Amino acid sequence: MTTVKHTYQVGDEVSYGFNGDWYYAGKVTRITKKFLTTDQGQKFSLVVRTLWSKISDTEYADVDKEIFVSVGGGMWALTKGRIEEKNPHF
């Protein structure tokens with residue numbers, strides 16, 4: 001299986017989330033081979049995870065993707081954009 005590489009760049013606005021809760025993390029200031037850091041001092045590590053993903057209009061499959069997760073816990077995943085939302089189910 002081919003791994004889908006991350007597309008984050010310095011200057012991108014990013015947010016982190018888990019279970020439907022999303023918080024703004026700032027702008028990307030540094031990206032190395034293993035880590036991403038934001039201007040708010042948060043650090044995320046690069047991992048490869050197999051995720052259930054849409055591959056066409058009608059098909060889904062397991063895909064290996066590079067993602068950034070919070071350092072120390074790994075449960076908070078990074079995404080592009082400024083997102084401030086709470087899961088309405090809680």
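Visitor: Why does E66 count as buried?
Guide: E66 has a relative accessibility of 15%. Buried means under 20% relative accessible area, exposed means over 50%, and partly exposed is in between (1.4 Å probe, protein chains only). Since 15% is under 20%, E66 counts as buried.

Visitor: What kind of model is this, and how are its residues numbered?
Guide: It's a predicted model, with residues numbered from 1 along each chain as its sequence is written. Local features need pLDDT of at least 70, side-chain atom pairs count only at pLDDT 80 or more, totals for chains, interfaces and linings use all residues, and side-chain values use heavy atoms, with hydrogens and water left out.

Visitor: What is the average pLDDT of the protein?
Guide: The average is 93, and 99% of the residues score at least 70. pLDDT is the predictor's confidence in each residue, from 0 to 100.

Visitor: Which residues does E66 touch?
Guide: Leaving out residues up to four places away in sequence, E66 touches T3, V4, K5, H6, L46, V47 and V48. Contact here means heavy atoms within 4.5 Å.

Visitor: What makes the pair of H6 and E66 a polar contact?
Guide: A polar contact is a pair of N or O atoms within 3.5 Å; within protein, one must be able to donate a hydrogen and the other to accept it, and residues adjacent in sequence count only if both atoms are side-chain atoms. The backbone nitrogen of H6 is 3.1 Å from a polar side-chain atom of E66, so the distance falls within 3.5 Å.

Visitor: Why are K5 and E66 called a salt bridge?
Guide: Side chains of opposite charge can pair when their charged atoms come close. The rule asks for a side-chain nitrogen of Lys or Arg within 4 Å of a carboxyl oxygen of Asp or Glu. K5 and E66 come in at 3.7 Å, N to O, so they qualify. K5 is in the loop between β1 and β2 (13-18) and E66 in strand β6, so the pair ties together parts 61 residues apart in sequence. At 56% relative accessible area, K5 is exposed, while E66 is buried.

Visitor: How many salt bridges does the count come to?
Guide: The count is 3. One of them joins K80 and D12, with the closest N and O atoms 3.8 Å apart. K80 lies in strand β7 and D12 in the loop between β1 and β2, so this pair ties together parts 68 residues apart in sequence. K80, at 38%, is partly exposed.

Visitor: Why is the pair of Y23 and W76 edge-to-face?
Guide: Rings of Phe, Tyr and Trp (its six-membered ring) pair if their centres lie within 6.5 Å; planes under 30 degrees apart count as stacked, over 60 as edge-to-face and the rest as tilted. The count is 7 aromatic pairs. Y23 and W76 have 5.8 Å between centres and 65° between planes, so they pass as edge-to-face. Y23 is in strand β3 (residues 21-31) and W76 in the loop between β6 (60-70) and β7 (77-80), 53 residues apart. Y23 is partly exposed at 25%, and W76 is partly exposed at 24%.

Visitor: What makes W52 and Y60 stacked?
Guide: Their ring centres are 6.3 Å apart with planes at 15°, so the pair is stacked. W52 is exposed at 61%, whereas Y60 is partly exposed at 46%.

Definitions and conventions:
Helix = DSSP H or I, 4+ residues; strand = E, 2+ residues; numbered from the N terminus.
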